[in-house]
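Visitor: I'd like to learn how to read this fold step by step. Could you walk me through the main features?

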Amino acid sequence: LPGSVEAVKFDDFRITARLEGSELPRTVTVFHRSEGGQWRSLGDIQPVVASSTPGYVSGLVREFRHVLPQVKRDFEYYVVAGDLTSQVYTVGAVDRPRVNSLRLEVFPPSYTALQPLVLDANDGTVTAPVGSRMTIRVESNRDLAEAALAFADGRNLAMEVKGQTATVELAVRDNRSYHLAMVDASGRSNPISPRTAGACRA
């Protein structure tokens, strides 16, 4: 377990083998290979609850766990327990949602006589006159289920989501810091980083 699944890149991945029967081996062996690589043993894995009985023991349920740290690429694995060998499972390493591009459009109020401003490839920080209208458009690497501007004061402003694009309009009234909070179609959220943070300065 968990069988053939997707794993988030740079997260740890846990493999669990659960054995039931009258005679169970004291250890199992996990074999692993990256896509296109050679099979290699990860060594003998001890049960979660160790037993002092040598050899085989009777009438037990035993669970074995192994953690692969910081998965970076697709891989396959199988488990050998005594005379039993599991099927080969495939794990696809997938990214969390991240910002591929960020576009800000600023429409100053008429009293300023300023022209609209378009900012591409920026860090999400903008200075605009009070009363300006602003549109933020984000392109993600994955299809999104939801997205929002999460402000430092705890308020959230939901964004309109279509596929990998999230858009929102807001008025500039004061100085506010925010970060982009995104959740993809598989329920994975983005990490907060300088690439997803910005500020509105009046």
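**Reading the fold**

Guide: Let's begin with burial: 37% of the protein's 202 residues count as buried. Bear in mind that this is a predicted model.

Visitor: How many helices and strands does the protein have?

Guide: There are 18 strands and zero helices. As for contacts between residues at least 6 apart in sequence, 62% of them join residues at least 24 apart.

Visitor: How do I read a sheet, and in what order do the strands of the open sheet come?

Guide: The general idea is that strands of a sheet pair through backbone hydrogen bonds, in either a parallel or an antiparallel way. Here, five strands make an open sheet, ordered β10-β9-β12-β16-β15, with antiparallel pairing. The edges are β10 (117-120) and β15 (160-162); each has a single partner strand, so one side of each is left without a neighbour in the sheet. From one strand to the next, the twist averages 15°.

Visitor: How many bridges join β9 to β10?

Guide: Four, and the two strands run antiparallel. For a spot to look at, find R103, which stands opposite D120 in β10.

Visitor: What does L149 touch, leaving out residues up to four places away in sequence?

Guide: Among its contacts are I136, L157, M159, V168, L170, Y178 and L180. R155, N156 and H179 are also touched by L149.

Visitor: How many aromatic pairs turn up in the whole structure?

Guide: Seven. F13 sits in strand β2 (residues 13-24) and F75 in strand β6 (residues 75-81), so the pair ties together parts 62 residues apart in sequence. Both F13 and F75 are buried. Together with Y77 and Y89, they form one aromatic cluster.

Visitor: And F151 with Y178: what kind of aromatic pair do they form?

Guide: Edge-to-face, with 6.2 Å centre to centre and 70° between the planes. F151 belongs to strand β13 and Y178 to strand β17, so this pair ties together parts 27 residues apart in sequence. F151 counts as buried at 7% relative accessibility, and Y178 counts as buried at 4%.

Key
Residues numbered from 1 in each chain as written. Predicted model: local features only at pLDDT ≥ 70, side-chain atom pairs only at ≥ 80, totals over all residues. Heavy atoms only, no water. Contact = heavy atoms within 4.5 Å. Pairing = 2+ DSSP bridges. Axes fitted to C-alpha atoms, helices over the stretch in contact; angles between N-to-C directions. Buried < 20%, exposed > 50% of the residue type's maximum accessible area, 1.4 Å probe, protein only. Phe/Tyr/Trp six-rings, centres within 6.5 Å; stacked < 30°, edge-to-face > 60°.
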